[in-house]
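Dear colleague,

I am passing on the structure below, together with a short account of what came out of it. Please read the notes alongside the coordinates.

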Amino acid sequence: MSAKSVSVLPSPKTSVVQQPNISIPPLVGASLEELTGWVQQQGQPAYRGKQLHEWIYQKGVRSLSDISVFSKQWRAEVAEIPIGRSNIHYRSVASDGTVKYLLQLSDNQIIECVGIPAEKRLTVCVSTQVGCPMACDFCATGKEGYKRNLGRHEIVDQVLTVQEDFQQRVSHVVFMGMGEPLLNTDHVIGSVKSLNQDVGIGQRNLTVSTVGIRDRIRHLAQHQLQVTLAVSLHASNQALREQLIPSARSYPIEDLLTECREYVKITGRRVTFEYILLAGVNDLPEHALELAQRLRGFQSHVNLIPYNPITEADYKRPNENRILAFVKVLKLQQIAVSVRYSRGLEADAACGQLRAKKNPDINFP
């Protein structure tokens, strides 16, 4: 899939909301009900489903052959059935405690996820695709192209992996890693429900980010999730947005904002607008004023992100005075705003820096 193909994606139907029919195995991401049905299909009693659910989500088992409460005979029979866990092939720790993981999937594809510890919380930034088709000009993932969507199990596995490595319960998850979540809607919604119901993370602690795909925000709203929607705006006008985000050529900013307003009306949840500040590009006071005019009267919050440099692009981070001036204009216009300084910069784990980059000290297949 190329960036151009994004503009001709069919619009999803929004009149009917259905749980995607995702077959198992792999077993990670499956609900208690699904696991119970699966064990019964294998000729096992229904209570084995609850045991399996506990071993996957509480004990972090990686092979059915390791579930000691199952009979030896059945363990031997199902030993090769995949649970759906990935392998950590590289782990990079920043001085602030942020950990970036390169995870190798069953088909040898490489994705990244990030564990971000803070006082009394642990956030995981998860990927939803191998690569990304959106090709945003300032993003490392977009420079590497798109390979495929991640399955529900591959998204949930990232959270389980970080939780195990930190030996701490994950409290928050942001769908802001590699890929465009709303181009993988079924598996993203499936993973949201699993993270909530199976892993035990409140939906209000889950954030789904999107650059904006026509009709997909409206489609997401129909599911009535309590997640936070974060829209990557990054520009105050259409011309500038097209310069930074190729797909914006087929999805005007006013159409995007109209859909966001519908999302607020349907869900009652405000929208967060992500805005990466690029020195001399979109960080001028006139840009802030233009942004404020577009968002006036909107149940929203602007999250400013000073640019995190990547080797693949020549953009620069604005200085502190320029950042504060932008904030001041928005506040004077009664726009809710905050500045998010990304964690994990020296480990290339910050916003916009994720790439399936293979560490030179490791030989990947």
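The UniProt annotation "active site", from an unreviewed entry, covers E112 and C351; positions follow the numbering used here, feature names are shortened, and annotations may be inferred rather than shown by experiment. This is a predicted model, in which local features need pLDDT of at least 70 and side-chain atom pairs count only at pLDDT 80 or more, while totals for chains, interfaces and linings use all residues. Residues are numbered from 1 along each chain as its sequence is written, and side-chain values use heavy atoms, with hydrogens and water left out.

E112 lies in strand β3 (residues 110-118), strands (E, at least two residues) and helices (H or I, at least four) being DSSP runs numbered from the N terminus. E112 is buried, with a relative accessible area of 0% (buried means under 20%, with a 1.4 Å probe and protein chains only).

Turning to helix packing, α10 (residues 285-295) and α11 (residues 320-332) pack at an angle of about 30°, with their axes 9 Å apart (axes are lines fitted to C-alpha atoms over the stretch in contact, and angles run from 0 to 180 degrees between N-to-C directions). The two helices α10 and α11 are therefore roughly parallel to each other, a term for angles under 35 degrees. Their contact (heavy atoms within 4.5 Å) is made by P285, H287, A288, L289, L291 and A292 of α10 and by F326, V329 and L330 of α11.

Best regards

Notes: Buried < 20%, exposed > 50% of the residue type's maximum accessible area, 1.4 Å probe, protein only. Parallel < 35°, antiparallel > 145°, perpendicular 65-115°, else oblique.
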